[in-house]
Amino acid sequence: MVETAETDIAVVGAGIVGVACALQLARQGRRVTLVDRQAPGRGASYGNAGHLATEQVFPIADLSILKRLPRMLLDPMGPLRLDWKYLPKAMPWFTRLLLNLRPGPFQRSVAGIRSLNEGSLGAWQRLLGSIGRGELFQEDGSLLVFERPESRQALEALRARMQQQAVAVDFWSADTVREAAPQLSPSLQGGLFFPRTGHFIDPYRVVCELFEAAKASGVRFVQAQVDGGRLHSGGVRLASDQGTLDARQVLISCGAHSTRLTATLTGKQVPLDTERGYHLMLPGEHQRLPFAVTSLERKFIMTPMAEGLRLAGTVEFAGLDAPPSMQRAWQLHRLSKGLFRRDLSVEGATPWMGFRPSLPDSLPVIDRVCDGRVLLAFGHQHLGLTQAAVTAEWVGRLADRESGADMAAYRLDRF
(Lines give C-alpha, C1' and ligand atoms only; values in the text may rest on other atoms or scores of the structure.)
Protein backbone atom coordinates (compact mmCIF):
# COMPACT_ATOMS: atom_id res chain seq x y z
CA MET A 1 0.00 0.00 0.00
CA VAL A 2 1.27 3.49 -0.89
CA GLU A 3 0.16 6.15 1.58
CA THR A 4 -1.09 9.47 0.27
CA ALA A 5 1.19 12.33 1.29
CA GLU A 6 -0.44 15.07 3.33
CA THR A 7 2.51 17.37 2.68
CA ASP A 8 5.58 17.53 0.49
CA ILE A 9 8.10 18.03 3.31
CA ALA A 10 7.65 17.59 7.05
CA VAL A 11 10.27 19.65 8.89
CA VAL A 12 10.83 18.20 12.37
CA GLY A 13 12.23 20.90 14.62
CA ALA A 14 11.15 24.54 14.88
CA GLY A 15 14.37 26.12 16.07
CA ILE A 16 16.21 28.70 14.01
CA VAL A 17 17.54 26.09 11.55
CA GLY A 18 14.21 24.32 11.07
CA VAL A 19 12.18 27.52 10.67
CA ALA A 20 14.67 29.01 8.20
CA CYS A 21 14.62 25.78 6.19
CA ALA A 22 10.81 25.60 6.26
CA LEU A 23 10.60 29.13 4.84
CA GLN A 24 13.18 28.35 2.16
CA LEU A 25 11.40 25.17 1.09
CA ALA A 26 7.99 26.85 0.98
CA ARG A 27 9.40 29.58 -1.22
CA GLN A 28 10.58 26.87 -3.58
CA GLY A 29 6.99 25.77 -4.01
CA ARG A 30 6.82 22.91 -1.51
CA ARG A 31 3.91 22.18 0.79
CA VAL A 32 5.66 22.29 4.15
CA THR A 33 4.51 21.14 7.58
CA LEU A 34 6.65 22.25 10.52
CA VAL A 35 6.47 20.01 13.59
CA ASP A 36 7.79 20.59 17.11
CA ARG A 37 6.76 19.62 20.62
CA GLN A 38 6.93 23.26 21.69
CA ALA A 39 6.31 26.63 20.07
CA PRO A 40 8.82 27.80 17.42
CA GLY A 41 12.07 29.14 18.83
CA ARG A 42 11.51 28.01 22.41
CA GLY A 43 14.49 25.64 22.53
CA ALA A 44 18.18 26.52 22.15
CA SER A 45 17.31 29.27 19.65
CA TYR A 46 15.57 31.24 22.39
CA GLY A 47 18.61 31.88 24.52
CA ASN A 48 21.71 31.82 22.35
CA ALA A 49 24.37 34.50 22.62
CA GLY A 50 23.03 36.37 19.60
CA HIS A 51 26.49 36.68 18.06
CA LEU A 52 27.04 36.04 14.33
CA ALA A 53 30.26 34.14 15.01
CA THR A 54 31.76 33.95 11.52
CA GLU A 55 35.23 34.35 13.03
CA GLN A 56 34.95 31.06 14.95
CA VAL A 57 36.39 28.74 12.33
CA PHE A 58 38.13 26.33 14.70
CA PRO A 59 36.62 23.19 16.31
CA ILE A 60 35.10 23.35 19.77
CA ALA A 61 38.26 21.89 21.38
CA ASP A 62 41.96 21.35 20.83
CA LEU A 63 44.54 19.08 22.44
CA SER A 64 44.68 21.27 25.54
CA ILE A 65 41.41 19.62 26.56
CA LEU A 66 43.49 16.71 27.89
CA LYS A 67 45.19 19.00 30.41
CA ARG A 68 41.87 20.52 31.39
CA LEU A 69 40.03 17.23 31.94
CA PRO A 70 40.69 16.97 35.72
CA ARG A 71 39.48 20.52 36.25
CA MET A 72 36.45 19.88 34.04
CA LEU A 73 35.44 17.08 36.38
CA LEU A 74 36.18 18.90 39.65
CA ASP A 75 35.19 22.53 39.02
CA PRO A 76 31.39 22.89 38.69
CA MET A 77 31.72 26.58 37.77
CA GLY A 78 34.53 26.27 35.20
CA PRO A 79 34.00 27.49 31.61
CA LEU A 80 34.16 23.89 30.38
CA ARG A 81 32.55 21.34 32.66
CA LEU A 82 31.98 17.60 32.42
CA ASP A 83 29.57 16.15 34.99
CA TRP A 84 31.41 13.17 36.48
CA LYS A 85 28.12 11.24 36.63
CA TYR A 86 27.79 11.67 32.86
CA LEU A 87 31.40 10.68 32.15
CA PRO A 88 30.74 6.99 31.25
CA LYS A 89 28.11 7.99 28.68
CA ALA A 90 30.24 10.84 27.34
CA MET A 91 33.47 8.87 26.92
CA PRO A 92 32.72 7.46 23.42
CA TRP A 93 31.93 10.98 22.22
CA PHE A 94 35.08 12.42 23.80
CA THR A 95 37.16 9.61 22.30
CA ARG A 96 35.88 10.54 18.85
CA LEU A 97 36.56 14.19 19.65
CA LEU A 98 40.19 13.42 20.46
CA LEU A 99 40.59 11.38 17.28
CA ASN A 100 39.32 14.35 15.31
CA LEU A 101 42.05 16.52 16.82
CA ARG A 102 44.69 14.73 14.76
CA PRO A 103 46.13 17.06 12.07
CA GLY A 104 44.24 15.65 9.10
CA PRO A 105 40.74 15.49 10.63
CA PHE A 106 41.31 18.79 12.43
CA GLN A 107 42.06 20.61 9.19
CA ARG A 108 39.02 19.05 7.52
CA SER A 109 36.89 20.35 10.38
CA VAL A 110 38.37 23.84 10.04
CA ALA A 111 37.70 23.81 6.28
CA GLY A 112 34.13 22.65 6.85
CA ILE A 113 33.36 25.27 9.51
CA ARG A 114 34.99 27.99 7.44
CA SER A 115 32.98 27.07 4.33
CA LEU A 116 29.70 27.51 6.21
CA ASN A 117 30.81 30.62 8.05
CA GLU A 118 32.04 32.37 4.93
CA GLY A 119 28.54 32.19 3.46
CA SER A 120 26.70 33.03 6.68
CA LEU A 121 26.76 36.82 6.70
CA GLY A 122 25.52 37.16 3.13
CA ALA A 123 22.88 34.49 3.67
CA TRP A 124 21.53 36.29 6.73
CA GLN A 125 21.45 39.61 4.91
CA ARG A 126 19.45 38.02 2.11
CA LEU A 127 17.08 36.22 4.48
CA LEU A 128 16.28 39.12 6.80
CA GLY A 129 16.08 41.48 3.82
CA SER A 130 13.55 39.20 2.16
CA ILE A 131 11.15 39.53 5.12
CA GLY A 132 11.82 43.24 5.67
CA ARG A 133 13.50 42.74 9.06
CA GLY A 134 17.07 43.75 8.39
CA GLU A 135 17.08 45.89 11.54
CA LEU A 136 17.16 42.74 13.68
CA PHE A 137 20.83 42.25 12.78
CA GLN A 138 23.59 44.76 13.47
CA GLU A 139 26.70 44.27 11.36
CA ASP A 140 28.93 46.17 13.75
CA GLY A 141 31.71 43.68 14.42
CA SER A 142 32.74 42.04 17.66
CA LEU A 143 35.67 42.36 20.04
CA LEU A 144 37.82 39.83 21.91
CA VAL A 145 39.55 41.62 24.81
CA PHE A 146 42.43 40.58 27.05
CA GLU A 147 43.42 41.78 30.50
CA ARG A 148 46.80 40.30 31.37
CA PRO A 149 49.97 41.44 29.58
CA GLU A 150 51.11 37.82 29.42
CA SER A 151 48.01 36.99 27.34
CA ARG A 152 49.19 39.13 24.44
CA GLN A 153 51.34 36.36 22.98
CA ALA A 154 48.37 33.96 22.89
CA LEU A 155 46.23 36.67 21.31
CA GLU A 156 48.81 37.36 18.62
CA ALA A 157 49.08 33.64 17.89
CA LEU A 158 45.29 33.43 17.56
CA ARG A 159 45.31 36.42 15.23
CA ALA A 160 47.92 34.76 13.02
CA ARG A 161 45.92 31.52 12.88
CA MET A 162 42.77 33.41 11.93
CA GLN A 163 44.55 35.39 9.25
CA GLN A 164 45.75 32.10 7.77
CA GLN A 165 42.07 31.16 7.47
CA ALA A 166 41.22 34.48 5.78
CA VAL A 167 39.27 35.74 8.81
CA ALA A 168 39.13 39.54 8.84
CA VAL A 169 40.75 40.62 12.12
CA ASP A 170 42.42 43.76 13.45
CA PHE A 171 44.51 44.27 16.57
CA TRP A 172 43.14 47.03 18.77
CA SER A 173 45.29 48.82 21.33
CA ALA A 174 43.99 49.63 24.80
CA ASP A 175 43.32 53.20 23.66
CA THR A 176 41.27 52.01 20.68
CA VAL A 177 39.21 49.72 22.94
CA ARG A 178 38.53 52.59 25.37
CA GLU A 179 37.49 54.90 22.53
CA ALA A 180 35.07 52.37 21.01
CA ALA A 181 33.67 51.01 24.30
CA PRO A 182 34.29 53.65 26.98
CA GLN A 183 32.39 51.80 29.70
CA LEU A 184 34.85 48.91 29.68
CA SER A 185 37.56 48.83 32.31
CA PRO A 186 40.65 50.98 31.58
CA SER A 187 42.77 48.04 32.75
CA LEU A 188 42.10 46.11 29.54
CA GLN A 189 45.25 45.66 27.47
CA GLY A 190 43.62 45.60 24.04
CA GLY A 191 41.97 43.02 21.85
CA LEU A 192 41.10 41.60 18.45
CA PHE A 193 38.30 43.23 16.47
CA PHE A 194 36.39 41.20 13.88
CA PRO A 195 34.73 43.60 11.41
CA ARG A 196 32.82 40.95 9.43
CA THR A 197 30.70 39.83 12.35
CA GLY A 198 27.75 41.31 14.19
CA HIS A 199 24.88 40.54 16.52
CA PHE A 200 21.13 39.98 16.55
CA ILE A 201 19.25 42.35 18.81
CA ASP A 202 16.67 39.69 19.72
CA PRO A 203 17.38 36.08 18.62
CA TYR A 204 13.95 34.82 19.68
CA ARG A 205 12.21 37.54 17.68
CA VAL A 206 14.28 36.54 14.65
CA VAL A 207 12.78 33.04 14.85
CA CYS A 208 9.29 34.45 15.35
CA GLU A 209 9.57 36.81 12.37
CA LEU A 210 10.84 34.01 10.15
CA PHE A 211 7.99 31.81 11.38
CA GLU A 212 5.42 34.47 10.50
CA ALA A 213 6.96 34.76 7.03
CA ALA A 214 6.87 30.98 6.71
CA LYS A 215 3.18 30.87 7.62
CA ALA A 216 2.51 33.61 5.06
CA SER A 217 4.26 31.39 2.51
CA GLY A 218 1.94 28.49 3.33
CA VAL A 219 3.87 26.60 6.03
CA ARG A 220 1.58 24.75 8.42
CA PHE A 221 2.67 24.29 12.04
CA VAL A 222 1.74 21.26 14.14
CA GLN A 223 2.69 21.22 17.80
CA ALA A 224 3.43 17.55 18.45
CA GLN A 225 6.11 15.24 19.80
CA VAL A 226 7.42 13.06 16.98
CA ASP A 227 8.08 9.64 18.48
CA GLY A 228 9.20 7.72 15.39
CA GLY A 229 8.35 6.86 11.85
CA ARG A 230 9.00 4.62 8.90
CA LEU A 231 9.89 4.96 5.26
CA HIS A 232 7.69 3.62 2.48
CA SER A 233 7.75 3.77 -1.30
CA GLY A 234 5.88 7.07 -1.39
CA GLY A 235 7.87 8.85 1.29
CA VAL A 236 7.71 8.74 5.08
CA ARG A 237 5.09 8.29 7.78
CA LEU A 238 5.83 10.02 11.07
CA ALA A 239 4.26 8.92 14.35
CA SER A 240 3.56 11.52 17.02
CA ASP A 241 1.51 12.05 20.14
CA GLN A 242 -1.00 13.88 17.91
CA GLY A 243 -1.33 11.10 15.33
CA THR A 244 0.47 10.27 12.09
CA LEU A 245 1.75 12.53 9.34
CA ASP A 246 2.54 11.36 5.82
CA ALA A 247 5.00 13.30 3.69
CA ARG A 248 7.03 12.76 0.55
CA GLN A 249 10.14 13.91 2.42
CA VAL A 250 11.16 14.67 5.97
CA LEU A 251 13.78 17.15 7.15
CA ILE A 252 15.24 16.27 10.54
CA SER A 253 16.37 19.53 12.15
CA CYS A 254 15.53 19.08 15.83
CA GLY A 255 18.98 19.89 17.16
CA ALA A 256 20.15 17.87 20.14
CA HIS A 257 17.04 15.68 19.85
CA SER A 258 17.79 14.48 16.31
CA THR A 259 19.52 11.21 17.16
CA ARG A 260 16.56 8.90 17.67
CA LEU A 261 14.56 9.87 14.58
CA THR A 262 17.68 9.77 12.42
CA ALA A 263 18.45 6.24 13.64
CA THR A 264 14.84 5.12 13.14
CA LEU A 265 14.60 6.34 9.56
CA THR A 266 18.16 5.83 8.30
CA GLY A 267 19.55 3.06 10.51
CA LYS A 268 22.54 5.27 11.30
CA GLN A 269 23.57 5.97 14.89
CA VAL A 270 24.92 9.50 14.95
CA PRO A 271 27.41 10.39 17.74
CA LEU A 272 25.48 13.48 18.78
CA ASP A 273 25.85 14.98 22.23
CA THR A 274 24.86 18.31 23.72
CA GLU A 275 26.80 21.30 24.96
CA ARG A 276 24.55 22.74 27.63
CA GLY A 277 24.86 26.50 27.33
CA TYR A 278 23.76 29.13 29.84
CA HIS A 279 22.91 32.81 29.69
CA LEU A 280 22.05 35.56 32.14
CA MET A 281 19.87 38.37 30.79
CA LEU A 282 20.37 41.78 32.42
CA PRO A 283 17.37 43.99 31.53
CA GLY A 284 18.80 47.12 33.14
CA GLU A 285 21.96 47.23 31.02
CA HIS A 286 21.02 48.71 27.64
CA GLN A 287 23.88 51.15 27.05
CA ARG A 288 26.98 49.35 28.28
CA LEU A 289 28.35 47.97 25.01
CA PRO A 290 28.13 49.01 21.34
CA PHE A 291 28.79 45.46 20.07
CA ALA A 292 29.44 41.95 21.35
CA VAL A 293 32.52 41.64 23.56
CA THR A 294 34.23 38.39 24.59
CA SER A 295 36.82 37.97 27.33
CA LEU A 296 39.87 35.92 26.37
CA GLU A 297 40.74 34.96 29.94
CA ARG A 298 37.23 34.65 31.38
CA LYS A 299 35.82 32.84 28.33
CA PHE A 300 32.35 34.29 28.02
CA ILE A 301 30.55 36.77 25.76
CA MET A 302 28.44 39.87 26.43
CA THR A 303 25.97 40.89 23.72
CA PRO A 304 23.85 44.08 23.67
CA MET A 305 20.22 43.33 22.84
CA ALA A 306 16.88 45.10 22.71
CA GLU A 307 15.95 43.71 26.13
CA GLY A 308 19.27 44.45 27.82
CA LEU A 309 22.71 42.88 27.98
CA ARG A 310 23.03 39.11 27.59
CA LEU A 311 25.95 37.32 29.25
CA ALA A 312 26.44 33.91 27.70
CA GLY A 313 28.91 31.10 27.41
CA THR A 314 30.30 28.19 29.34
CA VAL A 315 30.01 24.62 28.09
CA GLU A 316 28.61 21.84 30.24
CA PHE A 317 28.46 18.18 29.26
CA ALA A 318 25.74 16.55 31.35
CA GLY A 319 23.30 15.21 28.76
CA LEU A 320 19.68 15.99 28.01
CA ASP A 321 18.11 14.69 31.20
CA ALA A 322 20.01 16.28 34.09
CA PRO A 323 18.37 19.40 35.55
CA PRO A 324 19.99 22.75 34.76
CA SER A 325 22.59 24.11 37.13
CA MET A 326 21.47 27.73 37.14
CA GLN A 327 24.32 28.81 39.37
CA ARG A 328 26.39 28.51 36.19
CA ALA A 329 24.25 31.25 34.67
CA TRP A 330 24.72 33.48 37.73
CA GLN A 331 28.45 32.74 37.56
CA LEU A 332 28.48 34.78 34.35
CA HIS A 333 27.74 37.92 36.35
CA ARG A 334 30.60 37.15 38.72
CA LEU A 335 32.85 36.74 35.69
CA SER A 336 31.88 40.20 34.46
CA LYS A 337 33.20 41.92 37.61
CA GLY A 338 36.27 43.97 36.77
CA LEU A 339 35.54 44.19 33.04
CA PHE A 340 33.63 47.47 33.41
CA ARG A 341 34.25 50.79 35.12
CA ARG A 342 31.07 50.11 37.10
CA ASP A 343 29.75 46.61 37.87
CA LEU A 344 26.73 45.38 35.95
CA SER A 345 23.33 45.45 37.64
CA VAL A 346 21.52 42.14 38.17
CA GLU A 347 18.18 43.75 39.03
CA GLY A 348 15.48 41.77 37.23
CA ALA A 349 18.06 39.35 35.79
CA THR A 350 16.86 36.00 34.42
CA PRO A 351 18.95 32.83 33.96
CA TRP A 352 18.46 30.29 31.17
CA MET A 353 19.89 26.99 29.90
CA GLY A 354 19.63 25.34 26.49
CA PHE A 355 21.03 22.39 24.52
CA ARG A 356 23.54 22.95 21.73
CA PRO A 357 23.75 19.88 19.43
CA SER A 358 27.39 18.91 18.94
CA LEU A 359 29.16 16.29 16.89
CA PRO A 360 32.75 15.24 17.66
CA ASP A 361 34.17 16.79 14.49
CA SER A 362 32.40 20.13 15.17
CA LEU A 363 30.56 19.92 11.84
CA PRO A 364 26.80 19.60 11.31
CA VAL A 365 25.06 16.93 9.28
CA ILE A 366 23.58 18.48 6.13
CA ASP A 367 22.61 15.73 3.74
CA ARG A 368 20.04 13.99 1.54
CA VAL A 369 19.72 10.23 2.14
CA CYS A 370 17.33 7.29 1.70
CA ASP A 371 16.69 8.04 -1.98
CA GLY A 372 15.88 11.63 -1.12
CA ARG A 373 13.13 10.83 1.32
CA VAL A 374 15.18 12.04 4.31
CA LEU A 375 16.93 15.41 4.52
CA LEU A 376 19.16 16.25 7.48
CA ALA A 377 20.24 19.56 9.03
CA PHE A 378 21.41 19.33 12.63
CA GLY A 379 24.50 19.32 14.85
CA HIS A 380 25.64 22.94 14.40
CA GLN A 381 27.05 23.07 17.99
CA HIS A 382 27.31 26.69 19.17
CA LEU A 383 27.09 28.02 15.59
CA GLY A 384 23.43 27.20 14.96
CA LEU A 385 22.35 30.84 14.75
CA THR A 386 25.40 31.79 12.69
CA GLN A 387 24.91 29.02 10.14
CA ALA A 388 21.10 28.78 10.01
CA ALA A 389 20.49 30.98 6.97
CA VAL A 390 23.21 29.43 4.82
CA THR A 391 22.10 25.96 5.92
CA ALA A 392 18.58 26.77 4.71
CA GLU A 393 19.93 27.72 1.29
CA TRP A 394 21.91 24.48 1.11
CA VAL A 395 18.90 22.41 2.18
CA GLY A 396 16.88 24.10 -0.53
CA ARG A 397 19.39 22.93 -3.11
CA LEU A 398 19.37 19.42 -1.68
CA ALA A 399 15.59 19.31 -1.91
CA ASP A 400 15.86 20.27 -5.59
CA ARG A 401 18.56 17.62 -6.10
CA GLU A 402 21.22 20.26 -6.69
CA SER A 403 24.68 20.04 -5.18
CA GLY A 404 26.10 23.57 -5.29
CA ALA A 405 28.74 23.85 -2.59
CA ASP A 406 30.97 20.89 -1.83
CA MET A 407 28.95 19.23 0.94
CA ALA A 408 30.94 16.01 1.38
CA ALA A 409 32.22 17.16 4.79
CA TYR A 410 28.69 17.24 6.18
CA ARG A 411 27.43 13.88 4.93
CA LEU A 412 25.80 11.40 7.27
CA ASP A 413 27.98 8.53 6.09
CA ARG A 414 31.13 10.14 7.49
CA PHE A 415 30.29 8.36 10.76
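How many aromatic pairs does the count come to by the ring-centre rule? It comes to eleven, where rings of Phe, Tyr and Trp (its six-membered ring) pair if their centres lie within 6.5 Å, and planes under 30 degrees apart count as stacked, over 60 as edge-to-face and the rest as tilted. The model is predicted, so local features need pLDDT of at least 70 and side-chain atom pairs count only at pLDDT 80 or more, while totals for chains, interfaces and linings use all residues. Residues are numbered from 1 along each chain as its sequence is written, and side-chain values use heavy atoms, with hydrogens and water left out.

One of these pairs joins W124 and F200, whose ring centres are 4.9 Å apart with planes at 70°, so the pair is edge-to-face. W124 belongs to helix α4 (residues 103-130) and F200 to strand β9 (residues 198-200), 76 residues apart, so that distant parts of the chain are linked; helices (H or I, at least four residues) and strands (E, at least two) are DSSP runs, numbered from the N terminus. W124 is buried at a relative accessible area of 1%, and F200 is buried at 0%, where buried means under 20% relative accessible area (1.4 Å probe, protein chains only).

The rings of W172 and F291 are also edge-to-face, because their planes stand at 65°, with centres 6.2 Å apart. W172 is buried, with a relative accessible area of 14%, and F291 is buried, at 7%.

Elsewhere, W93, F94 and F317 form one aromatic cluster. The charged end of R161 sits over the ring of F58, 4.0 Å from its centre, a charge being over a ring if NZ of Lys or CZ of Arg is within 6 Å of the ring centre and within 35 degrees of the ring normal.

Methods: Buried means under 20% relative accessible area, exposed over 50%, partly exposed in between (1.4 Å probe, protein chains only).
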